[in-house]
Amino acid sequence: MEALTNREKMEMSFLEEVKRKSGEDPNLCYQCLKCTAGCPTAPYMDIRPNNIIRMIQMGMRREVLGSRAIWLCVSCETCGTRCPNEIDIGVLMDSLREMAIEEGIPAQERNILLLHQAFVQSIRRGGRVHEATMLIDYKLKSKDFMTDLIPGMKLFLKGKIPLVPSLIKGRDEIKRIFEKCEKGK
Amino acid sequence: MKFSYFPGCTDHSTSYEYGRSTLSVLEALGVELVEIEDWNCCGAAATHSINHLLSLCLPARNISKAQSAQAGPLVVPCAGCFNMLKRTEYVFKQDEVKRKKIEEIVGFTYQPSFEILALLDVILNRIGLEKIRGRVKRPLKNLKTACYYGCALVRHPKITHFDDPENPQSMDRLMESLGAQPVGWSYKNDCCGADLALTHGDVVRELVGRIVLMSQEAGAHCIVTSCGLCQANLEMRQDLGVPIFYFTELMGVAFDVDGRDRWWKKHMISPKRLLDSLGLT
C-alpha cells in the first residue's frame, strides 16, 4: 500500500485513495448484495458492506471511516470469495481501518481496536503473543474487567493461559521489523 | 517424509491439545517434523487489521527461517497462521515491488518454489488416505461428525488454494477413512465470529449457537475443527454440550495412540462421555 503525502490526500478523492491503498476497485460493484448476504456480522453493523462500497464511491469519507462496520468486520472473506466482480472486500476493510487510524479518527468500536493493539504490542514485546499480559493490558485500557471472568478463570485452571511468556531470541529482529513498518509507510 | 513445522503461539496455550495430538499422530505415521528455529507470531487478524506491511513482514520472517532450515515444505496446523503465511506468499508471487520491500525489511530472499501447506492438506495429499486407513486400529464406528472448516482454511481461495471454499470435503473424507460418518450440513464454513469473542461475546454466542444447533439437526454427535480459535469459540459459547474435537484428536483415537486422556482434560466440554458411549475410549 502506497504512503500518500498530505497534499496528495487533499487532491485525491476518497475513492481514489481507497483504490490506491487497497489495490481494489469499488467502482466495479453493481450492488448484487452477495457480500452483505453472506457477512456474519452484517446484522450487527451500522452500515452494511454493500453500502460501505457505495459510500466509498460517493466520497463519504467521514461516514465510512467513522463507522462501526469497519471494526466489526472479522475478515472471514466470505464477501471477497463470492463477489462476482472479484472485489476483495476483506482487503478493502483492512485499508479502511488503517486509514481511520492514520487520520486519527477514533474507532467507533473502541474495544476492538484496543484489543488489536494489545495483541500487536504483545508480539512486539516477546516475538510471540503472551495471552496473560495481553489480556491484562487490554482489560486495563478498555476498563472491561468483568466480561468473561469465569471462562477466563476456567481456561487458566486448565493450564491454557501460561504465566511465563515465551520470549524469542530474535527480539531485536522483531523490534527492527516493527520500526521499519511504522516509519516508512 | 520430512516437513518444517510452524506450531504458532496457541500451541503452548489455548490450543495445547491440538499441538500435542498433531505431534502424536504424525509420529505414528512416521513423519518427521523440524520446528522452525526461533519462530515468531504470524501476526494473526490483529496485525493485518491495523498495519498491512507489518502483517506481511511477520510471516515473512518465519518463511525466511523455514527456507534456511531446508527441512522440506512448511506445514502449519493452525488455520489462522496458515492463512497469514499464505497471504504473504500471495503478495510475494503477485507484487514484485512489495516483495522486494519485505525482503529488504526482513533480510532474506524468497524462493518461489518454497511450499506452505495446511496440516489437513499434508494429511490428505502428501501422506494420503491410503496410509491413514492402514494405520487405523480402532475405527470410529458410529461416530457422526460435523466437519467444521471455518474461514481461514478455505478463504480467500486465491490465497489458500485448498479445497472448495463453499463445500469443502477434505476433513469429511479424512473422517470417513477413520471409520466415522461425516454428516452433510450447510454450516461447515460459516464464521464463528473469531476474535469478536473477547469484545462482543454476545455476537459470537449467536453465531456459534446457530452453528452448533445446525450440527445437531444434521444428526452429528460432535463437531470437528482445524482451528484453535474456532474450537475455543464453539466450545465456550454454546449451551448444548456438544463436544468439539480437533481432527488430529480423532486421528489419535483411531490410531489408538498413548496419552489421549491428557488432551480430553484440556477441553471445556469433555468428550469422554461421548467416546465411552461409542466404545472409543
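In what order do the strands of the open sheet in chain B run, and is the pairing parallel or antiparallel? This is a predicted model, in which local features need pLDDT of at least 70 and side-chain atom pairs count only at pLDDT 80 or more, while totals for chains, interfaces and linings use all residues. Residues are numbered from 1 along each chain as its sequence is written, chains are lettered from A and ligands numbered from 1 in the order in which they are written, and side-chain values use heavy atoms, with hydrogens and water left out.

**View 1. The open sheet of chain B.** Four strands line up in the order 6-5-7-8, with parallel pairing. Strand 6 (181-182) and strand 8 (244-246) of chain B are the edges, each pairing on one side only. Helices (H or I, at least four residues) and strands (E, at least two) are DSSP runs numbered from the N terminus, and two strands pair if DSSP finds at least two bridges between them. As background, strands of a sheet pair through backbone hydrogen bonds, either parallel or antiparallel.

**View 2. Strand 5 of chain B and its two partners.** Strand 5 (residues 144-147) of chain B is joined to strand 6 of chain B by 2 bridges, running parallel. Lys144(B) has Gln181(B) as its bridge partner there, and Thr145(B) sits opposite Pro182(B). Strand 5 of chain B also pairs with strand 7 (residues 222-225) of chain B, again in the parallel sense, over 3 bridges. In that pairing, Cys147(B) has Val224(B) as its bridge partner.

**View 3. Helix 8 of chain B, mostly covered.** Of the 8 residues in helix 8 (residues 170-177) of chain B, 6 are buried (under 20% relative accessible area, 1.4 Å probe, protein chains only). They are Ser170(B), Met171(B), Asp172(B), Leu174(B), Met175(B) and Ser177(B). What do they pack against? The buried residues of this helix pack against helix 6 (119-135), strand 5, strand 6, strand 7 and helix 12 (247-255) of chain B. Just past helix 8 of chain B, Gly179(B) takes a positive phi of about 95°.

**View 4. Ile116(B) and its surroundings.** Ile116(B) belongs to strand 4 (residues 116-118) of chain B and is buried, at a relative accessible area of 2%. Setting aside neighbours within four places in sequence, Ile116(B) is in contact with residues including Ile63(B), Leu74(B), Val76(B) and Phe82(B) (contact means heavy atoms within 4.5 Å).

**View 5. Where chain A meets chain B.** The contact takes in 57 residues of chain A and 56 residues of chain B. Together the chains bury about 5,000 Å², 62% of it on carbon and sulfur atoms; buried area is the accessible area (1.4 Å probe) that two parts lose on being put together, summed over both. On the chain A side, Arg128(A), Lys158(A) and Lys160(A) lose the most area to chain B, together 13% of what that side buries.

**View 6. Charged pairs across the interface.** How many salt bridges does the rule find between chain A and chain B? There are 6, a salt bridge being a side-chain nitrogen of Lys or Arg within 4 Å of a carboxyl oxygen of Asp or Glu. One of them links Arg87(B) to Asp94(A), with the closest N and O atoms 3.8 Å apart.

Technical notes: Buried < 20%, exposed > 50% of the residue type's maximum accessible area, 1.4 Å probe, protein only.
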